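Hello,

Please find below the structure that I promised to pass on to you.

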Amino acid sequence: MLTKSLTLTEQVARQIATDIADGVHAVGVKLPPGRVLAEQYGVSAAVIREVTERLRAQGLIQSRQGSGSTVISRTGAQGFQVSSGLAVDRDKLADVYELRMELEGGAASLAAVRRNAEDLSAMAQALADLEAHLEHPEQGVEHDIAFHVAIATATHNRSYQDLLQYLNLQLRLAVSTARSNSRLQDGLTAAVHQEHVAVFEAIRARNPERARQAAVRHLQQAASRLQLDSLFPAATQTS
């Protein structure tokens, strides 16, 4: 039975992880397509995408665009994890935002140096999709994540891609919970969009330092909107 104490993503991820551990989905075998899993668990395709990223971050599956997800281990990795309780622990959430500033600032800087035409196209498409959903921010979450993932991909460093994709997933869940009882500020989505545009323009201009600053600024603003900035040490607030 589904419980209210866990998000749908957490519930479905645990169920599939248990099935993998029990051998229902054997190592080396592909998981059913996303639409099949969505029907099986009675959730949306968006939830299944989140579940897939969570299972991949745990080291249970490997996903490749166009070829689905394959089970690669019956037990998850025991390495770095972001606590599922972040949403109610402001200090921990602030810590992860601070970490994310350093990582995503570095990723944007590398992307400005290494990006190719395909990378720029992926970022531009994500931005276009975001702009199309400015009045419906709840529908733009996937495109927001896609933009950050596109930047990580443009580093052409797989470790950046894997870690940042994992962090983006976890932070999206945490921030969603933190805002569940709050209304979005007027003009918020437009402001966030312009922050994304600033990062993109710096990467397109092959300006690594400006790209780093724009990415850090975007995350500082995100933290400020969540009223987390007062928890940062002075060095982070003034970077």
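Helix α6 is followed by H156, whose phi is positive, near 55°, where helices (H or I, at least four residues) and strands (E, at least two) are DSSP runs, numbered from the N terminus. Before going further, please keep in mind that this is a predicted model, in which local features need pLDDT of at least 70 and side-chain atom pairs count only at pLDDT 80 or more, while totals for chains, interfaces and linings use all residues. Residues are numbered from 1 along each chain as its sequence is written, and side-chain values use heavy atoms, with hydrogens and water left out.

H156 has this positive phi although it is not a glycine, and its place is in the loop between α6 and α7 (158-178). With a relative accessibility of 45%, H156 counts as partly exposed, a class that lies between buried (under 20% relative accessible area) and exposed (over 50%), using a 1.4 Å probe and protein chains only. R206 also has a positive phi, of about 55°, without being a glycine; R206 sits in the loop between α8 (188-204) and α9 (208-225), and at 43% relative accessibility R206 counts as partly exposed.

**The chain as a whole**

The chain's secondary structure comes to ten helices and two strands, and from the N terminus on the elements run α-α-α-β-β-α-α-α-α-α-α-α. Of the 239 residues, 41% count as buried. If we take the contacts (heavy atoms within 4.5 Å) with a separation of 6 or more, residues 24 or more positions apart account for 71% of them. The chain exposes about 12,800 Å², of which carbon and sulfur atoms supply 50%; accessible areas come from the Shrake-Rupley method with a 1.4 Å probe, and for residues only the protein chains shown count as cover.

Helix α6 covers residues 141-154, and its 14 residues should span 20 Å at 1.5 Å a residue, which agrees with the 20 Å between its end C-alpha atoms; the expected span is 1.5 Å times one less than the number of residues. Among the buried residues of α6 are H143, F147 and H148.

H196 is found in helix α8 and counts as buried, at 1% relative accessibility. Leaving out residues up to four places away in sequence, H196 touches L127, L130, D144, F147, H148 and H218.

A214 lies in helix α9 and, at 14% relative accessibility, counts as buried.

**The cavity**

The structure holds one cavity of 30 Å³ or more, and the largest cavity has a volume of about 60 Å³. On a 1 Å grid over the protein atoms alone, a cavity is a set of points where a 1.4 Å probe fits but cannot get out, and lining residues have an atom within 4 Å of a point; grid points are joined across faces, edges and corners, and a volume is the space filled by probe spheres set on the points.

Which residues line the largest cavity? They are E104, A107, A108, H148, I151, A152, L164, V199, A215 and H218, and α4 (90-114), α6 and α9 each supply at least two residues of this lining. The lining divides into seven nonpolar, two polar and one charged, where Ala, Val, Leu, Ile, Met, Phe, Trp, Tyr, Cys and Pro count as nonpolar, Asp, Glu, Lys and Arg as charged, and the others, Gly among them, as polar.

Best wishes

How values were computed:
On a 1 Å grid over the protein atoms alone, a cavity is a set of points where a 1.4 Å probe fits but cannot get out, and a pocket is an open set with protein on both sides within 12 Å along at least five of seven lines; lining residues have an atom within 4 Å of a point.
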